[in-house]
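Trainee: I would like to take a close look at one part of this model. May I put a request to you once it is before us?

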Amino acid sequence: SGGCSNFKPFYSHNVEPNRHLTLFVYLNDGFEGGETVFPRALSHGKRLMIARKNGSIDYAEGVIDRKGMEECSKGLRVEPVKGAGALFYSKRGDGTNDDLSMHGGCPPVEGIKYGLNGFM
């Protein structure tokens with residue numbers, strides 16, 4: 001048992017001291033889906049920017065079908081690669097929360113995703 005389940009994007013305003021920097025690392029391969037998504041990362045919200053496994057960036061207009069998570073089709077979506085991940089700030093330079101850091105984990109379509117969070 002175990003593994004990462006999906007979770008809806010959220011932003012915690014009540015955690016103090018709030019983490020300033022987050023690192024999420026993918027610990028395994030062998031599953032489909034399971035992307036980390038930042039639905040507010042682009043201003044229009046409908047266009048999808050995809051950080052691909054090969055390091056390239058693509059743009060798409062389509063819908064990614066993840067049951068119960070329409071947010072998987074908005075903003076920035078980071079495809080999982082074992083040993084790689086997403087590093088992002090939760091606060092701006094002036095100490096206020098950065099709403100663009102709101103993020104979530106899209107559910108794996110097949111298999112189990114394991115990940116590690118580091119908060120600084």
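Is Arg-77 buried or exposed, and what is its relative accessible area? Please describe its surroundings closely.

Mentor: Please note at the outset that this is a predicted model. Arg-77 is buried, because its relative accessible area is 6%, and buried means under 20%. The side chain of Arg-77 meets that of Glu-35 in a salt bridge, with 2.6 Å from N to O. Glu-35 also counts as buried, since its relative accessibility is 5%. The count for the structure comes to one salt bridge. Arg-77 belongs to strand S7 (residues 75-78), whereas Glu-35 sits in the loop between S3 and S4, so the pair ties together parts that are 42 residues apart in sequence.

Strand S4 leads us to the aromatic rings. The structure holds two aromatic pairs. One of them joins Phe-38 and Phe-88 edge-to-face, at 4.9 Å centre to centre and with 75° between the planes. Phe-38 lies in strand S4 (residues 36-38) and Phe-88 in strand S8 (residues 85-89), so this pair ties together parts that are 50 residues apart in sequence. Both Phe-38 and Phe-88 are buried. Phe-24 and Tyr-26 also form an edge-to-face pair, at 5.1 Å centre to centre with 85° between the planes. Phe-24 and Tyr-26 are both buried.

Leu-27 lies in the loop between strand S2 (21-26) and strand S3 (32-33). Together with Ile-112, Tyr-114 and Leu-116, Leu-27 makes a nonpolar surface patch of about 360 Å².

Key:
Residues numbered from 1 in each chain as written. Predicted model: local features only at pLDDT ≥ 70, side-chain atom pairs only at ≥ 80, totals over all residues. Heavy atoms only, no water. Patch = residues over 30% accessible without salt bridge, like charges linked within 9 Å, V, L, I, M, F, W, Y side chains within 5 Å. Areas by Shrake-Rupley, 256 points an atom, 1.4 Å probe, with all protein chains shown as cover. Salt bridge = Lys/Arg side-chain N within 4 Å of Asp/Glu carboxyl O. Helix = DSSP H or I, 4+ residues; strand = E, 2+ residues; numbered from the N terminus. Phe/Tyr/Trp six-rings, centres within 6.5 Å; stacked < 30°, edge-to-face > 60°. Buried < 20%, exposed > 50% of the residue type's maximum accessible area, 1.4 Å probe, protein only.
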